[in-house]
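Thanks for coming, everyone. Let me put the structure up on the screen, and then I'll walk you through it.

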Amino acid sequence: MHATDTALILGAGLLGRLLGVSLVRLGWRVHLVEQASGPHTAGGAARVAAAMLAPLAESAVTEPSVVAMGRDALPRWRQLCADLPRPVFFQQNGTLILWHRQDAREASRLAALLQATARQVPGLPSPQALDEAQLSAHEPALAGRFAQGLYLPQEGQLDGRQLLDALLEELHQRAVPLHWNQPTTLAEALAWQRDHPGAWVLDCRGLGAQADWPPGALRGVRGEVVRLHAPDVTLQRPTRLLHPRYPIYIAPKENHHFVIGATEIEADDRSPASVRSTLELLSAAYAVHPGFAEARILELNTECRPTLPDNLPAVRQVAPRVLQINGLYRHGYMIAPAVHDAVLEYLQHGTHTLAQRWGLRWERAGVEAPETLHL
């Protein structure tokens, strides 16, 4: 075992666990440190997110590079989930977009935008316009409720919490040391690296890394999400409702559980959800299907997504064998396999072929290094 086959990963969220599992499978020695007190409080935005894999739908709010990463990540998710020690709910039934008659103009604008994206990013299927009969055939539970819709083929979703738990189980099975309740700065990680010559440091802390980026470079964007159990509702795929003020998504998980969200607030604020946004979320869900009226509220969560100034992900090499991986914003699950694969390529081969293919930003910067970390 060479020193270069050793890695310290900061952050046991989605990317930290994915990279940890992949590296230990390759024979690396891996250490994971996490500031949260335990596995069920770790993960930040990844534990709250709906985990939709919708590159064409998200193209309305992001750049073609992110769309391309999401396109290529979809088949990778199927492979990654299949190799884990416990099953993870994974679905690829497409995305359904709905609107009320008064929002038809916004729907036409969105349809044109999605068509343009499908032409611009090779390999993306074109959106399909549905009339009332076709919509009812795609989603029988919504028969008679909407006159038209858009269907985005091949898009998917997974159960993020099942995934995080399955990754953690494999890390435990492979005896990877996980150090909970251990907030670690980049300076402390560099001191650890000096005691392990040739080892790598991978900083996957999300917003926990804020102090180790330039001032103002890494910010939080707040989201509010409700989890429901709705036995009277059956949806076959993630469904989005267009609305000028509060467009929502409804992600159906197993056993009639649903993750519903919409709000995106420019604030690094994890305080409880407001009454207004909660009422808007639940009212919009009820407008999609009246069965949500008798649903039971399981959780009402708020979390902040780690976001860089251009809302795009980036990898920064701040010292030899030290990478900061951050800025996945609202697209964490959608693009995580692509970012993971680009980092693995660099660790193993020192090349950036995948990053260049997707337009994933790869930067070089400098950093200071004091103190010592003891593991």
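Ground rules. This is a predicted model, where local features need pLDDT of at least 70, side-chain atom pairs count only at pLDDT 80 or more, and totals for chains, interfaces and linings use all residues. Residues are numbered from 1 along each chain as its sequence is written, and side-chain values use heavy atoms, with hydrogens and water left out.

Salt bridges to begin. How many salt bridges does a search of the whole structure find? The count is 22. The criterion is a side-chain nitrogen of Lys or Arg within 4 Å of a carboxyl oxygen of Asp or Glu.

Take aspartate 165 and arginine 47. Their closest N and O atoms are 3.5 Å apart. This pair links distant parts of the chain: aspartate 165 sits in helix α7 (residues 160-173), arginine 47 in helix α2 (residues 45-48), and 118 residues separate them. A word on labels: helices (H or I, at least four residues) and strands (E, at least two) are DSSP runs, numbered from the N terminus. Arginine 47 is buried, at 11% relative accessible area. Buried means under 20% relative accessible area, exposed means over 50%, and partly exposed is in between, with a 1.4 Å probe and protein chains only.

Next pair: arginine 240 and glutamate 58. Here the closest N and O atoms are 2.9 Å apart. Again the pair links distant parts of the chain, 182 residues apart: arginine 240 is in strand β12 (residues 239-241), glutamate 58 in helix α3 (residues 55-58). Arginine 240 is buried, with a relative accessible area of 13%. Glutamate 58 is buried too, at 6%.

Now arginine 316 and glutamate 363. Their side chains meet in a salt bridge at 3.7 Å, N to O. This one runs from strand β16 (residues 314-319), which holds arginine 316, to strand β18 (residues 361-364), which holds glutamate 363; the two are 47 residues apart. Arginine 316 is buried at 8% relative accessibility, whereas glutamate 363 is partly exposed at 27%. Salt bridges with shared partners join Asp310, Arg316, Arg361 and Glu363 into one network.

On to the nonpolar cores. In soluble globular proteins, nonpolar side chains tend to be buried together. A core here is a set of buried Ala, Val, Leu, Ile, Met, Phe, Trp, Tyr and Cys residues joined through side-chain atoms within 4.5 Å. The largest has 73 residues, and those with the most contacts inside it are Trp77, Leu163, Leu323, Ile325 and Tyr333. Which helix gives the largest share of this core? Helix α10 (residues 332-349) does, with 11 residues. There is also a second, separate core of 24 residues, including Leu98, Tyr151, Ile250 and Leu281.

Look at tyrosine 333. Setting aside neighbours within four places in sequence, tyrosine 333 is in contact (heavy atoms within 4.5 Å) with residues including Leu14, Ala46, Leu53, Trp77 and Leu163.

Leu14 brings us to helix α1 (residues 14-25). Helix α1 has 12 residues and reaches 17 Å from its first C-alpha to its last, close to the 16 Å expected at 1.5 Å a residue. That expected span is 1.5 Å times one less than the number of residues. Of its 12 residues, 11 are buried. Among them are Leu14, Arg17 and Ser22. After α1 comes glycine 27, with a positive phi near 95°.

Two loops now. Threonine 184 lies between β9 (178-179) and α8 (186-195). Threonine 184 is buried, at 7% relative accessible area. Its side chain reaches the backbone oxygen of glutamine 182 at 3.0 Å.

Arginine 205 is in the loop between β10 (200-203) and β11 (219-229). Is arginine 205 buried or exposed? Arginine 205 counts as buried, at 18%. Its side chain reaches the backbone oxygen of threonine 184 at 2.9 Å.

Last, the sheet. Three strands form an open sheet in the order β3-β8-β4, with antiparallel pairing. Two strands pair if DSSP finds at least two bridges between them. The edge strands are β3 (52-53) and β4 (90-91), each pairing on one side only. β4 pairs with strand β8 (residues 156-158) over 2 bridges. Glutamine 91 stands opposite glutamine 157 in β8.

That's the tour. Over to you.

Key:
Polar contact = N/O pair within 3.5 Å; in protein donor to acceptor, adjacent residues only side chain to side chain.
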